[in-house]
Amino acid sequence: MDGLTPVEQRAPGRWQIGTVAAVKQETPRVKSFRLELPMWMPHLPGQHYDVRLTAPDGYRAQRSYSVASSPLDEGEIELTIDRLEDGEVSPYFHDVVVEGDQVEVRGPFTSYFVWRGEAPALLIGGGSGVVPLMAILRHRRRAMPELAMRLVYSVRFAEDVIYADELGDDALITFTRQPPAGWTGHTGRIDPALIAEAGIDSGIAFICGSNPFVEAAAGLALGAGFRPQQIRTERFGPTG
Ligand SMILES: Cc1cc2nc3c(=O)[nH]c(=O)nc-3n(C[C@H](O)[C@H](O)[C@H](O)COP(=O)(O)OP(=O)(O)OC[C@H]3O[C@@H](n4cnc5c(N)ncnc54)[C@H](O)[C@@H]3O)c2cc1C
């Protein structure tokens, strides 16, 4: 199909050193990092990279981060990272990494959580779970804008909306704690009414967020008529 990412999934590349080309503060606790990669290869929207930090004494910490950008951005990827107060890797990115720095990454990793142009598509994200969904949305806007797709996005507070300046009619936001002043849209947790308002009840549902969020949203997708094989999920929660 024209416009689709002409790639098959294959083994991820080797570890490589990316250069931070840009840092964007998305919300008070979320930043996006644009990395230039010397061994870049096209990803499918939904795939992730691993990031590895090495301390001077050789101690290493490794975490996964979804690609937020479209594969049409050749030579670079964008990672969007939520700062966890007591975390190891995410605070490092927020407090230490600046433009021009180098970071070690490997990917993109094979996954069933990928969008190959299927439509219609219902995207349901909670918090930073919106990141791989944004890759899908961005790629669809650039490659095949006519495809039916809607994002349902749950955040806690007004200030927590990631990619706020990019979300238009194809996104429905709900605020679970405190909406912006004057907000007339949806508040509270995602519910059957909001899913119905999204207007997509066939095709594929992509769901990403914390474990409990994914469980609840998958239940809602089933309730809206999606069969289990039409639902793809990605969980960001702690691995223990
Ligand atoms: C496939 C995949 C893709 C991911 N993509 C993204 C992404 O695009 N953006 C992003 O910000 N994160 C993403 N994550 C989560 C990310 O990999 C890390 O788990 C997260 O950044 C925390 O790492 P840390 O080293 O800062 O915290 P850690 O030192 O690992 O953990 C600190 C504390 O937070 C808890 N914790 C760990 N992870 C989470 C979490 N996700 N939510 C709530 N509590 C947690 C731990 O149990 C611990 O108590 C993804 C995870 C997976 C598996």
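Which helices and strands each supply at least two residues of the shell around the ligand? They are β4 (60–66), β5 (76–82), α1 (90–95) and β12 (231–235). Helices here are DSSP runs of H or I with at least four residues, strands are runs of E with at least two, and both are numbered from the N terminus.

A word on the source. This is a predicted model, where local features need pLDDT of at least 70, side-chain atom pairs count only at pLDDT 80 or more, and totals for chains, interfaces and linings use all residues. Residues are numbered from 1 along each chain as its sequence is written, and side-chain values use heavy atoms, with hydrogens and water left out.

Back to the ligand. There are 21 residues around the ligand, and S64, Y65, V89, S90 and F236 come nearest; to be near, a residue needs a heavy atom within 4 Å. β4 gives the largest share of the shell, four residues. By type, the shell holds eight nonpolar, seven polar and six charged residues. Nonpolar covers Ala, Val, Leu, Ile, Met, Phe, Trp, Tyr, Cys and Pro; charged covers Asp, Glu, Lys and Arg; the others, Gly among them, are polar.

Now the polar contacts, meaning pairs of N or O atoms within 3.5 Å. Oxygen atoms of the ligand lie 2.6 Å from a backbone N or O atom of S64 and 3.0 Å from one of E88. A polar backbone atom of S66 is 3.1 Å from a nitrogen atom of the ligand. Taken alone, the ligand exposes 900 Å², and the protein buries 75% of that; the areas come from the Shrake-Rupley method with a 1.4 Å probe.

Next, the sheet. Six strands form an open sheet in the order β10-β9-β8-β7-β11-β12, with parallel pairing. Two strands count as paired if DSSP finds at least two bridges between them.

Some pairings in detail. β7 (residues 121–126) and β8 (residues 149–157) are parallel over six bridges, and A121 stands opposite M149 in β8. β8 also pairs with β9 (residues 171–178), in the parallel sense over six bridges; there, S154 has T174 as its bridge partner in β9. β9 and β10 run parallel and are joined by two bridges, and F175 has T187 in β10 as its bridge partner.

Terms used. Polar contact = N/O pair within 3.5 Å; in protein donor to acceptor, adjacent residues only side chain to side chain.
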